[in-house]
Amino acid sequence: MKDLLRLRTSLTEEIERVLNEQIKMEADASAMYLAMSAWCDRNGFDFSAGYFKKQSDEEREHMLRLFKYVSDMGGRAVSPDVTGTQIEFDSFRGVFEQALQQEIAVTQSFNRIADKCMKTKDYVTFTFLQWFLNEQIEEEYVARRALELFEVIGEEGTGQYEIDKRVPKIKYENTYED
């Protein structure tokens, strides 16, 4: 029966597995960003709370996009369990450091999946992944710029307030597309 079901999809078991792992990673990221939003809200960083809420929504959209692709290709998309989400953070800066680390990890994960696709000659999935790889350019850029505000502005006096106000204003200009 397993062989018959496998005929319904062009996804190899390995590619289906790594895509489901990425679905889980996106769900975890969405939960983490929501927790960051709540932490910022509790600590008076209203603008950053809104920024992280938006990030949480985006990660959920990424999860759903991957989920739909696996399903559309005849694979078995798995709705992930999300547990153990960190809800407390050491500092305002620490939240942004963790956000950048998360985005770098996601980029590395997509790179590994793209590499597996090339090795298995799954060009359809490789092409599908291009949107995510391009999206990660923006995600890392914004996270990096937000963290750099701590260096440029500093946290003393009204520094954290100024950083909080500027975070949602960080925009990425995509100069790679025609």
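**Close-up views of a predicted model**

Both F92 and F96 are buried.

**View 1. F92 and F96 pair edge-to-face.** The ring centres of F92 and F96 are 5.4 Å apart. Their planes make an angle of 85°. Helix α4, residues 92–119, holds both F92 and F96. They sit 4 residues apart, about one turn of the helix.

**View 2. F96 also pairs with F150, in a tilted arrangement.** Here the distance is 5.6 Å centre to centre. The angle between the planes is 50°. F96 belongs to helix α4 and F150 to helix α5, residues 123–153, so the pair ties together parts 54 residues apart in sequence. F96 is buried because its relative accessible area is 2%, under the 20% cut-off. F150 has a relative accessibility of 3%, so F150 counts as buried too.

**View 3. Ring pairs build a cluster.** Its members are Y33, W39, F45, Y51, F52, F89, F92, F96 and F150. The structure as a whole holds 15 aromatic pairs.

**View 4. R65 places its charged end over the ring of W131.** The separation from the ring centre is 3.6 Å.

**View 5. E59 is buried without a salt bridge.** Which side chain of opposite charge is nearest to E59? That is K54, 10.0 Å away. A salt bridge needs a side-chain nitrogen of Lys or Arg within 4 Å of a carboxyl oxygen. Leaving out residues up to four places away in sequence, E59 touches E26, A29, S30, Y33, E103 and E139. One of these contacts, Y33, is also a member of the aromatic cluster.

**View 6. K53 makes a polar contact with D57.** Their side chains are joined at 2.9 Å. Is K53 buried, exposed or partly exposed? K53 is partly exposed, because its relative accessible area is 37%, between the 20% and 50% cut-offs. Beyond residues up to four places away in sequence, K53 touches L34 and S37. The C-alpha atoms of K53 and E14 are 33 Å apart. Along the chain, 39 residues separate K53 from E14.

How values were computed:
Residues numbered from 1 in each chain as written. Predicted model: local features only at pLDDT ≥ 70, side-chain atom pairs only at ≥ 80, totals over all residues. Heavy atoms only, no water. Buried < 20%, exposed > 50% of the residue type's maximum accessible area, 1.4 Å probe, protein only. Lys, Arg positive; Asp, Glu negative; His and termini not counted. Contact = heavy atoms within 4.5 Å. Polar contact = N/O pair within 3.5 Å; in protein donor to acceptor, adjacent residues only side chain to side chain. Phe/Tyr/Trp six-rings, centres within 6.5 Å; stacked < 30°, edge-to-face > 60°. Helix = DSSP H or I, 4+ residues; strand = E, 2+ residues; numbered from the N terminus. Lys NZ or Arg CZ within 6 Å of the ring centre and 35° of its normal.
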